[in-house]
Amino acid sequence: MVIPSEDQHMSEYIAACDERRAYISGFNGSAGTVIVTLKDAFLFTDGRYFLQAEKQLDSNWTLMKSGLPDVPTWQEFLSKNLEKHSRIGIDPTLITAADAESLETSLKAKESHLVSLTDNLVDFIWEDRPPRPANKVFPLDVKYSGESHQDKLKRLREELNKKPYKAMVVNMLDEVAWLFNLRGSDIDFNPVFFAYAVVTHDNSLLFVNTSQVDDVVRTHLGDPVQIKPYDEFFPYLRGLGGEVDLSDELQVLVGDKCNLAIVEAIGRERITILRSPIADFKAIKNETEIEGFRQCHIRDGAALTRYFAWLEEQLNSGTQLNESQAADKLEEFRSELDLFRGLSFTTISSTGPNGAVIHYSPDPADCSIIQKEQIYLCDSGAQFLDGTTDVTRTWHFGNPTDEEKRAFTRVLQGHIAIDTAIFPNGTTGYIIDSWARRPLWEDGLDYRHGTGHGVGHFLNVHEGPQGIGVRIAYNSTALKSGMTVSNEPGYYADGRFGIRIENIVIVRDAQTPNNFGNKGYLKFEHVTLSPIHKKLIDASLLTAAERSWLDAYHAEVLDKVSPLLKNDTRALAWLERECSPL
């Protein structure tokens, strides 16, 4: 049986009731797939989680380090390592139709095949499985979204008319939330709610637990949007063909992250699977959303300043703080900000060796004391009504070694290379990823994660389809003006320390002296405003242009953040010191 990480909506972060892979394996990282045979159990995960998985898996498990030489993907494992005539159980709601189709093709050589299970076998043995959340849904005012849900539905129908398609099924939670200008809290850190939607030329149907929807939401949606019980979604799909008169030429559009159960309910011959047009709409922020990103990052910068100034003072006075206590203090500072709606992910507050665990999360009951003479890495973010933040800063409150300073400076140089990049329209994040790695490569260093991910607007902190990285999928989406993406190169010395510098940047049109090929050119605008630690910089490695960039960035941080710190003299003094010229 295959047990993936995702839920039925292919969410990256999931509710506790859907954490089947974590329940069966003990590994709770956000990415990984389990294969259980009659004799063995295997966990496949990537470089971000090798160290974490080694700690959490017991002797029943074999860790498959995806991406390393001679390690098959979990898909290759099924087709190459299992015996002939294998029957491989899958929950059809937890695998994409595209993945299932390619798996079936690869399994033919072994005369093996997938079996869609009516019930998930893990659920039979999970006796204390948590209930599915059903928290209140609320509207997002157009003053934050910048576009009404009526206009979004109109844009989607115009897209359906181009082909033509008779309907679209929307299964991704952030796409449903974006399309209808609704938000919720069913999944921690992600302002989404459990729902599906079906949009035809005449109707819009929202399938949601009706106890989550009050009169405010119904008034917001209006009569044109029909609200149906969540559990009626699959029965509705089985009758959709008759309702909208489907044929081989007139089909239903589903996104490429649509689960297999949706396709089986409608019928494969009536389905067209493509990248969701909503994903592309959502990825390009309008001017209201972009201004929201700018403003929420200024406020966020004030909270970060107060936190790092406080942390330095505590460590200098000899106070013992563990990583979790520090993270709680940062959340406290953020919670005082206007329009704050919670964190955007679990804060990564890591000292020394823990910083080398790329997605480390401190356990309040068992985590390390922050050491003044160790590197401290903090990756954190927040959800605001006007935007989402995600920022990483690396600090040393004592005396860094020459090795630490050189590695930090190489990371900084890669960060600056992305921030200052200018490139023609049509360029992908796959193409420019190496610009962030080049300074590290000069020293024989690298990192095992992407350089940047898309960021939602008061939505999921990780958003596609755009990104900057070595994954070939990033080569299928050109960067476009209005897209948001993170800029976060790093370096991790296993067992000793970790370094990452992360800002959120927005793709904007660039004015260049020439316009070769009439393509038009693009650049990045950074919106994250938090000092970069000068004590960790080996200035001898920086070019004059890099020094100028750093001084200009710090001047901008001081100018925009300091007005919010008039009532905190300690934080303001700290910010002035950290933003002084190199």
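**Exercise 1. Find which residues Glu312 is in contact with, leaving aside neighbours within four places in sequence. Then decide whether Glu312 is buried or exposed.**

Step 1. In this predicted model, Glu312 is in contact with Phe397, Trp574 and Arg577, once neighbours within four places in sequence are set aside.
Step 2. Take its relative accessibility, which is 15%. Buried means under 20%. Therefore Glu312 counts as buried.

**Exercise 2. Describe the surroundings of Gly454: which strand holds it, and which residues does it touch?**

Step 1. Gly454 belongs to strand β22, which covers residues 452–454.
Step 2. Skip residues up to four places away in sequence; Gly454 then touches Val461, His462, Glu463, Gln466, Thr484 and Val485.
Step 3. Gly454 has 0% relative accessibility, so this glycine counts as buried.
Step 4. Now look at Pro400. It is 54 residues from Gly454 along the chain, and their C-alpha atoms are separated by 32 Å.

**Exercise 3. Work out how helix α7 and helix α8 pack: at what angle, and how far apart are their axes?**

Step 1. Locate the helices: α7 spans residues 149–161 and α8 spans residues 173–180.
Step 2. Two packed helices are described by an angle and a distance between their axes.
Step 3. For α7 and α8, the angle is about 115 degrees and the axes are 7 Å apart.
Step 4. Name the contact residues. Helix α7 supplies His149, Lys152, Leu153, Arg155 and Leu156; α8 supplies Trp178, Leu179 and Phe180.
Step 5. Sort them by class: five are nonpolar, one is polar and two are charged.

Methods. Residues numbered from 1 in each chain as written. Predicted model: local features only at pLDDT ≥ 70, side-chain atom pairs only at ≥ 80, totals over all residues. Heavy atoms only, no water. Helix = DSSP H or I, 4+ residues; strand = E, 2+ residues; numbered from the N terminus. Buried < 20%, exposed > 50% of the residue type's maximum accessible area, 1.4 Å probe, protein only. Contact = heavy atoms within 4.5 Å. Axes fitted to C-alpha atoms, helices over the stretch in contact; angles between N-to-C directions. Nonpolar A, V, L, I, M, F, W, Y, C, P; charged D, E, K, R; others polar.
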